[in-house]
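I opened my notebook to record what I looked up in this structure.

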Amino acid sequence: MSETAPEQQCHVTLDTLVSLCKRRGFIFPGSEIYDGLAGTYDYGPLGIELKRNVREAWWRSMIHDRDDVEGIESAILMNPRTWKASGHVDTFSDPLCDSLGPSRKRYRADHVPPMEATAFEIIDVSDEAAPRKVDDAQIWAPSKKKAKEIYQAYWEKPLGLSGRRVKLEEVAGSTRVGRFSPDDGGLLTEPRAFNLMLTTHCGPVVETAAQVYLRPETAQGMFVNFANVQSSMRRKLPFGIAQNGKSFRNEITPKNFIFRTREFEQAELEFFCKPGEECREGEMNDDQWWEHWVEYRTNWHVRYGLKREHLRFYHQTKEELAHYSKACCDIEFLFPIGWQELEGIANRTDYDLKQHMKESGKDLRYFDAELNKHYVPYVIEPALGVDRSCLAFLTDAYTEEQVRDDKRVVLKLHRDLAPVKCAVFPLLKNKPELVAMAEKLTLDLKKKFHTVYDDTAAIGKLYRRQDEIGTPFCVTVDVDSLEDQAVTVRDRDTMQQVRLGIDKVRGHILAELQAARGTQ
Ligand code: ATP
């Protein structure tokens with residue numbers, strides 16, 4: 001789907017999230033000290049905790065909570081014939097076009113909608129007596145005002161016109177609808193297919209024969225292991241194989257923070273089921289399983305914190321569907337950049353297994369003992385981007401509240417997803433007995449959940465710091481604690497405090513974490 005302006009506004013801007021993520025150690029630009037590498041991001045100490053928690057929540061729900069899915073981890077580098085069979089070598093491409101303007105920027109043609117524009121010529125009028133037209137320089141823009149802005153940003157310097165007096169003149173009758181660079185106003189070249197797979201070489205000799213691909217999706221790892229998993233785990237249809245891990249795509253225009261990057265993480269399931277004609281009375285067919293997975297995955301997003309009204313479904317039309325696909329539903333989320341795909345759920349029919357049978361010559365059919373026949377199963381594929389999922393959870397968790405005269409920023413992340421579960425503070429850091437008690441409690445809590453100790457600011461500031469990173473519980477050890485062996489436990493969302501015996505804190509927080517997992 002194209003990245004259009006949001007019809008419904010998200011409550012937080014991308015800039016706000018990017019800045020919080022950088023400042024608080026969630027996500028940094030990749031290779032930043034070398035001015036970065038486009039389309040890459042590094043997860044910092046808190047970001048990786050969040051991502052691990054998202055991954056684990058997905059794994060629990062897809063594998064441990066069910067009895068019909070097995071997990072695997074396949075190699076990122078696969079025999080290149082895999083990608084021939086899957087169709088990626090021949091067809092995994094995006095339409096690429098270049099601006100003929102000075103920026104030479106590249107665009108995905110489907111990300112640049114046609115617009116009505118007029119051509120403006122650049123006339124150097126520094127010498128009034130002999131105005132000079134700058135050859136081959138035409139700026140396409142919807143208005144003269146816009147053309148002027150574009151000229152100053154992109155054309156003036158490269159054309160060596162800085163400091164010269166210049167006027168822009170409309171080319172009579174040039175107005176038309178076409179594809180122009182939204183940045184430098186240059187004409188765009190005709191789109192050409194650009195394969196998105198990144199390559200590398202295996203072995204010491206860099207030659208074509210040794211070329212391999214960095215996988216563009218994790219799915220093929222499940223297809224090539226279908227027979228291994230089915231026979232080793234003695235599985236009958238229907239059953240699924242799931243994995244999560246890195247995928248790589250040479251995206252033409254990586255953008256919007258971790259929404260579209262060149263290296264990203266996917267969490268995918270291939271659910272093998274009986275095609276309709278092989279189903280007996282009462283058995284679910286592929287259409288019903290597809291519906292089941294759309295609902296199951298939607299509930300997962302809501303359970304872990306996305307607001308239901310921030311999710312919607314886009315059903316691909318017949319023209320948009322891949323030729324082998326029977327149905328595909330994109331679960332879209334209201335990101336700060338507008339409604340965009342978060343997860344896709346497709347009915348891939350028997351296409352992939354049949355392709356691998358053809359290419360490998362191996363029989364990947366399933367033997368149905370009850371029907372006493374072989375057939376190729378159908379496949380339902382829910383495919384989630386883990387980074388997009390982190391961005392979605394951060395978006396809906398981000399809250400600004402007015403607390404008396406103060407703005408409180410709080411990440412209301414689901415407790416299972418929060419990077420740190422508990423923070424412990426001594427009320428006074430110059431009282432060694434308090435510090436020792438708080439440190440001892442921290443060590444005790446760490447054995448059960450991620451806990452940090454902090455005494456580097458006043459208590460109010462310490463609370464705000466933890467609110468901003470989504471820590472559900474803060475525990476304060478105060479002067480009375482030395483007498484009554486009790487501490488204060490503060491809840492992130494309600495800011496309510498309860499006083500508990502120090503030996504009860506661990507059990508209390510564990511019970512609260514457990515309750516959150518069970519009920520939401
Ligand atoms: P898009 O249309 O946004 O390019 P897609 O339809 O090609 O995505 P799929 O191949 O269905 O995506 O991949 C499944 C999921 O992987 C997507 O729903 C998305 O969450 C995630 N994903 C795909 N490409 C990227 C990327 N470049 N960066 C981050 N996540 C991605």
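What follows are my entries, from the whole chain down to single residues.

**Entry 1: ground rules**

I am working with a predicted model, where local features need pLDDT of at least 70, side-chain atom pairs count only at pLDDT 80 or more, and totals for chains, interfaces and linings use all residues. Residues are numbered from 1 along each chain as its sequence is written, and side-chain values use heavy atoms, with hydrogens and water left out.

**Entry 2: the whole chain**

I looked up the secondary structure and found 14 helices and 27 strands. These are DSSP runs numbered from the N terminus: helices are H or I with at least four residues, strands are E with at least two. Along the principal axes, the C-alpha atoms fill a box of roughly 95 × 75 × 50 Å.

The chain has 520 residues, and 50% of them are buried. I noted the cut-offs: buried is under 20% relative accessible area, exposed is over 50%, and partly exposed is in between (1.4 Å probe, protein chains only).

I also checked contacts, meaning heavy atoms within 4.5 Å. Among contacts with a separation of 6 or more, 67% are between residues 24 or more positions apart.

Two packed helices are described by the angle between their axes and the distance between the axes. Axes are lines fitted to C-alpha atoms, for helices over the stretch in contact, and angles run from 0 to 180 degrees between N-to-C directions. For the wording, under 35 degrees is roughly parallel, over 145 roughly antiparallel, 65 to 115 roughly perpendicular, and the rest oblique.

I started with helix α2 (residues 45-64) and helix α8 (residues 286-303). Their axes come within 11 Å and cross at roughly 140°. The two helices are therefore oblique to each other. From α2, the contact uses V54, A57, W58, S61 and M62; from α8, it uses W293, Y296, R297 and W300. By class, I wrote down 7 nonpolar, 1 polar and 1 charged. Nonpolar covers Ala, Val, Leu, Ile, Met, Phe, Trp, Tyr, Cys and Pro; charged covers Asp, Glu, Lys and Arg; the others, Gly among them, are polar.

Next I took α2 with helix α10 (residues 386-397). Here the axes come within 10 Å and cross at roughly 110°. α2 and α10 are therefore roughly perpendicular to each other. L50, K51 and V54 of α2 meet V386, D387, S389, C390, F393 and L394 of α10. This contact has 6 nonpolar, 1 polar and 2 charged residues.

**Entry 3: salt bridges**

My rule was a side-chain nitrogen of Lys or Arg within 4 Å of a carboxyl oxygen of Asp or Glu. By this rule I count 52 salt bridges.

K51 and E265 form one of them, at 3.5 Å from N to O. K51 is in helix α2 and E265 in strand β14 (residues 263-273), 214 residues apart. Both residues are buried.

R192 pairs with D98, with the closest N and O atoms 2.8 Å apart. R192 lies in strand β10 and D98 in strand β4, so the pair ties together parts 94 residues apart in sequence. R192 is partly exposed at 38% relative accessible area, whereas D98 is buried at 14%.

E512 and R415 meet at 2.9 Å, N to O. E512 lies in helix α14 and R415 in the loop between β22 and β23, so this pair joins parts 97 residues apart in sequence. E512 is partly exposed at 28%, and R415 is buried at 16%.

I also found a network: salt bridges with shared partners join E401, D406, R408, K412, R464, D467 and R490.

**Entry 4: helix α9**

Which residues of helix α9 (residues 351-360) are buried? I listed Y351, D352, L353, Q355, H356 and M357. They pack against α3, α6, α7, β14 and β17. Just after α9, G361 takes a positive phi of about 75°.

Most residues other than glycine have a negative phi, and most peptide bonds are trans. I looked for exceptions.

The peptide bond from L237 to P238 is cis, with omega near -5°. P238 is in the loop between α7 and β13. R234 is in the loop between α7 and β13, and its phi is near 45°, a positive value. R234 is exposed at 73% relative accessibility.

R404 has a positive phi of about 50°. I found R404 in the loop between β21 and β22. R404 is exposed, with a relative accessible area of 74%.
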